[in-house]
Amino acid sequence: MDAELELEVAFELMLASILTKSPDPATREQAYLALMQAEKPAFPPLEALTCANVQPTLRSACDGLGKMACSGCSLVSYCSEACQKEHWKLHKQDCRNPLKSEGWLPSWVRERRPPVFLRFETPEEVLSPTMGVISLTSNDNDATKNLNAAPVGTDTHLLLPSWVQEGRQPTFAGVESPTENLHQQPNAEFQGGLALWGNVPAMDVINLGANENEAAKNLNVAFVASGDMRHVVKTINSLPSDFSGDLTILLNDITVPIACRNLTLLFVLGMIPDEVLAADVALHFWYSVFLPREYRAQVYLAVSAALNKNPCNSTGTPLGKRSTVFISYPPEALPILENLRPGSNDSKPSALDAQIEYRRVTTAPSQRDYRDRMYAKLRPSHRVSVQEYRRSGIVLPFGAPSFHFDCPNVSLFSPDGRWLQHDSSHPLDGWDISDVISAGEAHGCRPEDIYGCLYFYLTEELRMFSQRLREFSISFRLYSQEACGLALAIKSGLAELGLPSTVRFDRIHVSNILDVQYVGIDAVLTTWGPLLSASPFATILGYFMNWLLLEKEGDPATCGGEVINECIMRIRDRDEREMKLRARKSGRDPMPDSATFVQRGVMAMTMQALSAVHDNSKPFRAYLNKEGLPSILKRTKLQLKESHMIVPRRLRVPLRSPPNALPEFPDDEAWYNYTNLNRYSWVERFVEFSRE
């Protein structure tokens, strides 16, 4: 671009910026559109995997397609041998990363000590001798009687927790079970945080084809404790392409920062004129810790343009030609939205502060054993891929240009610049891993580049969602209130909610506030049950995640040696095949050394893996009865569906499966992807309620 043209563009942008302050809404709208169209990224959204020959210091990248995968790691691909050779001096740091070695061992094994996360409820915790870990039976507290269970050459003293070595009860006995917090950590600072990304896969809460099966059907859907937008995206994208009904979506979350992120995503996807660019901006606003400068500007402009269209919110803010958004947020939402403005004096954190804070959280020394436990479950290239995401915080194919991501995503940080989430928060946990990998491969990514696969999967989903916002007739009602209070307010007919007291919903998704630690079954069904429509397909659906805290029999570790051994045998078979597969690929002896036996024993005993092969249907039913579900159903005139019609009872089981169905893993690859790459607890139980 010559100097004269640059001056002309700069003058037009300056004029547009001035016009955004015009008293005329139409003038302001045109100004916002002009600014959004001008803010183009240095590197456009990816359509396919590109050549990994990127030179960050020169801020340059080859624009060829990545067709030749690196034979050493399969994380990157090149357009030619010349590019691969030129890039080797940079790529060899990743390709020779110690984490990629088949001989890599967790820190506690290298340092010959127990890992800090070995927390057992009692000294009688059962560990499998077949996995090379000492078995402590319920009738024998003297661990020395079982030392022959350890592999030859293993320092058995290192395998025992301190309370077993010292012949005493652990200090936490009776306080928590191994499944109370599957990621429980010694440092309280890293235990909590907001759930901005979700921890169960996105679900279609309408499932139109299996229920109403009418493309012209008008539907009202309530997400009463939404968390992020993934269920909304999945639900709308799952509708048939010829859907012509009117869709009303109530979207509520009591946590104001989460509600503001949802509003921002809707405005980005509905207001940015270019749907391809809108999807890319939304993807990174949702999941990347840093954004290109142009993307941060786009986010603020999209929110400003939307609010400019209807500052009073009386008739809703248009999204495209047919969709609208009504907002009823508390006053504390305003400074959060204002903080999105680039260059704001109050905008925190700075890019440097954000980098320091993100690194502080993701590299905390107190969390080293937890990180190594995560890495130990992964294949070598996946370790490097996950490490790179934890280092950069950016969802992109491995090796893609990222040097222009130089602005912090302020929505992921608190007003004082602190990271908002758990340090192990993982974008992959909100989506189906098989779909993610399939989308990546369709765009040229190898499964090893799991975040590259995620990038292309989210690109497809968000482009479709952006298009449907503009084509379908969707009315969004956004709130940030306590869920049961919102139901009572709707029934009382408060005008500011924008919903009549007569409104009834065809689907009410209550997430996991059914857990007694949040709201509980009684309060949820009592307040939201009357708002369920009379349609035979109308359903209240949700799930339980913490029920094992009150029903110990659902925990495989408390079910006796026979149940545990059966579960362990199932896990061991999968684990043995995975070890042999790695051995064939590496050319090493498939029999692991004693240190690796220790590692494998710890990994195999994670409660997630045990619960994935354990039938907990009877304990779950007992839990529901203890919570008084039969009397609650009688009083609310609802019924627990015996046959599900919308979502399966558990992850990875068929829709209409019986209560005792176990998660299905058709092959070892599926087992690895869902139990190692994903980090579900496998104790989640989904329920559906309907009118009597």
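## A buried aspartate in a loop

Asp423 is buried, with a relative accessible area of 6%; buried means under 20% relative accessible area, exposed over 50%, and partly exposed in between, using a 1.4 Å probe and protein chains only. The residue is found in the loop between strand S10 (407-408) and helix H14. Helices (H or I, at least four residues) and strands (E, at least two) are DSSP runs, numbered from the N terminus. The side chains of Asp423 and His422 are joined by a polar contact of 3.3 Å. A polar contact is a pair of N or O atoms within 3.5 Å; within protein, one must be able to donate a hydrogen and the other to accept it, and residues adjacent in sequence count only if both atoms are side-chain atoms. Asp423 and Gly193 are 230 residues apart along the chain, and their C-alpha atoms are separated by 8.5 Å.

## The model and its confidence

This is a predicted model, in which local features need pLDDT of at least 70 and side-chain atom pairs count only at pLDDT 80 or more, while totals for chains, interfaces and linings use all residues. Residues are numbered from 1 along each chain as its sequence is written, and side-chain values use heavy atoms, with hydrogens and water left out.

pLDDT is the predictor's confidence in each residue, from 0 to 100. Its mean for the protein is 82, and 78% of the residues reach 70 or more. Over residues 1-11 pLDDT stays under 50, and the model has two contacts beyond four places in sequence for them; contact means heavy atoms within 4.5 Å. Over residues 588-605 pLDDT also stays under 50, and here the model has 46 contacts beyond four places in sequence. Where pLDDT is low, the predicted coordinates should not be read in detail.

## The nine-stranded sheet

An open sheet of nine strands, with mixed pairing, has the order S8-S9-S11-S6-S5-S12-S13-S15-S14. Strand S8 (317-319) and strand S14 (638-640) stand at the edges with a single partner strand each, so one side of each has no neighbour in the sheet. On average, neighbouring strands of this sheet are turned by 20° against each other, direction ignored. Two strands pair if DSSP finds at least two bridges between them. S14 and strand S15 (residues 685-691) pair in the antiparallel sense over three bridges, and Gln639 stands opposite Ser690 in S15.

Helix H15 packs on the sheet, where it touches S8, strand S9 (323-328) and strand S11 (473-479), and its direction makes about 105° with that of S11. Axes are lines fitted to C-alpha atoms, for helices over the stretch in contact, and angles run from 0 to 180 degrees between N-to-C directions.

## Strand S11 and its partners

In S11, seven of its seven residues are buried. Ser473, Ser475, Arg477 and Tyr479 point one way from the strand, and Ile474, Phe476 and Leu478 point the other way. S11 runs parallel to S6, to which seven bridges join it, and Ser473 is the bridge partner of Asp246. Five bridges join S9 to S11, and these strands also run parallel; Leu478 is the bridge partner of Ile327.

Thr248 is found in strand S6 (residues 246-252). At 19% relative accessibility, this threonine counts as buried. Leaving aside neighbours within four places in sequence, Thr248 is in contact with Leu219, Asn220, Val221, Ser475 and Arg477. With Asn220 there is a polar contact of 3.5 Å between the side chains.

## Helix H14

In helix H14 (residues 433-442), Ile433, Val436, Ile437, Ala439 and Gly440 are buried. They cover an arc of only 160° around the axis, which puts them on the same side of H14; the arc is that of the directions from the helix axis to the C-beta atoms. The buried residues of H14 pack against helix H15 (450-471) and helix H23 (668-677).

At the start of H14, a side-chain oxygen of Asp432 reaches to within 3.1 Å of the backbone nitrogen of Ser434. Just after the helix, Gly444 takes a positive phi of about 100°.

Arg59 has a phi near 50°, a positive value in a residue other than glycine. It lies in the loop between strand S1 (54-55) and strand S2 (60-61), and at 48% relative accessibility counts as partly exposed. Ser511 has a phi near 55°, likewise positive in a residue other than glycine. Ser511 is found in the loop between strand S12 (507-509) and helix H17 (521-528) and is buried, with a relative accessible area of 8%.
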